[in-house]
Amino acid sequence: MLGLADKDVDMIRNFGTVIDDDGVRSLVLSTRLLGTREIMIINHTDCGMLRFVDSDLEDRLRKETGQAPIAPARFYSFTDAEKNTREQVQKARSHPWISQEVPIRGFVYDVKTGRLSEVFADAVAVVG
């Protein structure tokens with residue numbers, strides 16, 4: 001998709017592109033030990049995480065299995081891929097062990113058009 005060779009990418013993939021404890025662990029190791037110089041958080045349209053609400057899925061799973069395990073604590077469903085991408089970038093950027101010198105950028109890949117659009121932090125409206 002990006003035209004990068006395998007040796008140029010340390011891909012960390014999870015459902016919903018969520019920056020949770022494991023995501024942070026992976027990013028810290030990648031940037032501090034493997035020499036990763038930039039982080040791209042890429043979500044996509046028509047993501048399965050847009051199709052449910054955490055509490056509804058938890059209820060369904062409890063009913064189907066008769067069990068209420070403690071993990072996962074949540075599934076991180078969301079309703080807006082662009083907003084979720086922005087939030088994940090902010091979570092990664094706020095971690096003190098991910099160097100401020102490492103650029104962290106967010107994108108949403110449109111599965112219908114193949115277009116990759118950058119997601120920017122909320123901009124302040126300029127009047128005048």
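**A cis proline and its surroundings in a predicted model**

In this predicted model, P72 is located in the loop between helix 2 and helix 3. The peptide bond that joins A71 and P72 is cis, with omega at about 0°. For comparison, most peptide bonds are trans.

The loop between helix 2 and helix 3 also holds F75, one member of an aromatic pair. A search of the whole structure finds one such pair. The pair is formed by F52 and F75 in an edge-to-face arrangement, with 6.5 Å from centre to centre and 80° between the planes. The two residues are 23 apart and link distant parts of the chain: F52 is in the loop between strand 1 (39-44) and helix 2 (54-65), and F75 is in the loop between helix 2 and helix 3 (81-94). F52 counts as partly exposed because its relative accessibility is 23%, and buried residues must fall under 20%. F75, at a relative accessible area of 24%, is likewise partly exposed.

The loop between strand 1 and helix 2 contains D46 as well. D46 is not a glycine, yet its phi is positive, at about 60°. T17, also not a glycine, has a positive phi of about 50°. Most residues other than glycine have a negative phi. T17 belongs to the segment before helix 1 (21-32). With a relative accessible area of 19%, T17 is buried, since the cut-off for burial is under 20%.

I39, I41 and N43 make up the covered face, while M40, I42 and H44 make up the uncovered one. In a regular strand the side chains alternate between the two faces of the sheet. Strand 1 pairs with strand 2 (residues 104-109) in the parallel sense, over six bridges. Within this pairing, M40 of the uncovered face has R105 in strand 2 as its bridge partner.

Over the whole protein, three helices and three strands are present, in the order α-β-α-α-β-β from the N terminus. The C-alpha trace spans about 50 × 45 × 30 Å along its principal axes. Of the 128 residues, 27% are buried. Among contacts between residues at least 6 apart in sequence, 64% join residues at least 24 apart.

Key:
Residues are numbered from 1 along each chain as its sequence is written. This is a predicted model: local features need pLDDT of at least 70, side-chain atom pairs count only at pLDDT 80 or more; totals for chains, interfaces and linings use all residues. Side-chain values use heavy atoms; hydrogens and water are left out. Helices (H or I, at least four residues) and strands (E, at least two) are DSSP runs, numbered from the N terminus. Buried means under 20% relative accessible area, exposed over 50%, partly exposed in between (1.4 Å probe, protein chains only). Contact means heavy atoms within 4.5 Å. Rings of Phe, Tyr and Trp (its six-membered ring) pair if their centres lie within 6.5 Å; planes under 30 degrees apart count as stacked, over 60 as edge-to-face and the rest as tilted. Two strands pair if DSSP finds at least two bridges between them.
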